Amino acid sequence: MVEGERGATEEDSLHPPLRFRRHSASSGPEPRGAQQAADSTGIEKKEKPLPRLNIHSAFWILASIATTYYVEFFKTIKELIQKESWWFVLGCCLLIVSLSVAFYCIIYLEWYHGIKDYDACYPALIPVTTASFIAAAVCFNISLWPIWSFLTPLVLFIQFMGIMMLVSLLG
């Protein structure tokens, strides 16, 4: 044998040179079947996306449509606008603030600047949006309470869930 050369042993054939080894937490090589099973489950999850329209979202959309029809939602809102209810106007202003901050986060920060974790970069945005939305909901409940009484929170919640499920179908 020439100096510097050595014969291939059984140990060398089982373990590739260091530059070709995968770095893993375990010291030994992974069994081939375990690696294939992990790869196949990853592929199966990627191949089958969740449907946008499911029973849950269809239920809320249909419940919102039925509620809108039976409580004459748009007619009631039109009457409130004509009466110039201050609680309703304040609720609309707070809802516009909440939606403006949400669109700022989604459209400007995420789409335009590519900032995915905007709550880490701008920590005040999420609490401001949440607080203004909750305050808007309280204002809407106060303004609509004389019309629907104790059913007001239920009606508004059904409308909210219907809109959220409808928006989730779009994106």
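This is a predicted model: local features need pLDDT of at least 70, side-chain atom pairs count only at pLDDT 80 or more; totals for chains, interfaces and linings use all residues.
1. Disulfides first: the count comes to zero. Cys92 is in no disulfide, and the nearest cysteine sulfur, that of Cys93, sits 7.0 Å away.

2. Now for a helix pair. Helix 5 covers residues 86–112 and helix 7 covers residues 125–148; their axes come within 8 Å and cross at roughly 155°. Angles over 145 degrees count as roughly antiparallel, and therefore helix 5 and helix 7 are roughly antiparallel to each other. As for handedness, the crossing of helix 5 and helix 7 is left-handed.

3. Thr152 is worth a look in the viewer. It belongs to helix 8, which runs over residues 152–170. Is Thr152 buried or exposed? It's buried, because its relative accessible area is 0%.

4. What is Thr152 in contact with, leaving aside its neighbours within four places in sequence? The answer is Asn141, Leu144 and Trp145. Leu144 also turns up in a polar pairing: its backbone oxygen lies 3.4 Å from a polar atom of the Thr152 side chain. That counts as a polar contact because the limit is 3.5 Å.

Definitions and conventions:
Residues are numbered from 1 along each chain as its sequence is written. Side-chain values use heavy atoms; hydrogens and water are left out. Helices (H or I, at least four residues) and strands (E, at least two) are DSSP runs, numbered from the N terminus. Buried means under 20% relative accessible area, exposed over 50%, partly exposed in between (1.4 Å probe, protein chains only). A polar contact is a pair of N or O atoms within 3.5 Å; within protein, one must be able to donate a hydrogen and the other to accept it, and residues adjacent in sequence count only if both atoms are side-chain atoms. Contact means heavy atoms within 4.5 Å. A disulfide is a pair of cysteine sulfur atoms within 2.5 Å. Axes are lines fitted to C-alpha atoms, for helices over the stretch in contact, and angles run from 0 to 180 degrees between N-to-C directions. Angles under 35 degrees count as roughly parallel, over 145 as roughly antiparallel, 65 to 115 as roughly perpendicular and the rest as oblique. A crossing is left-handed if the near helix is turned anticlockwise from the far one by less than a right angle, and right-handed if clockwise.
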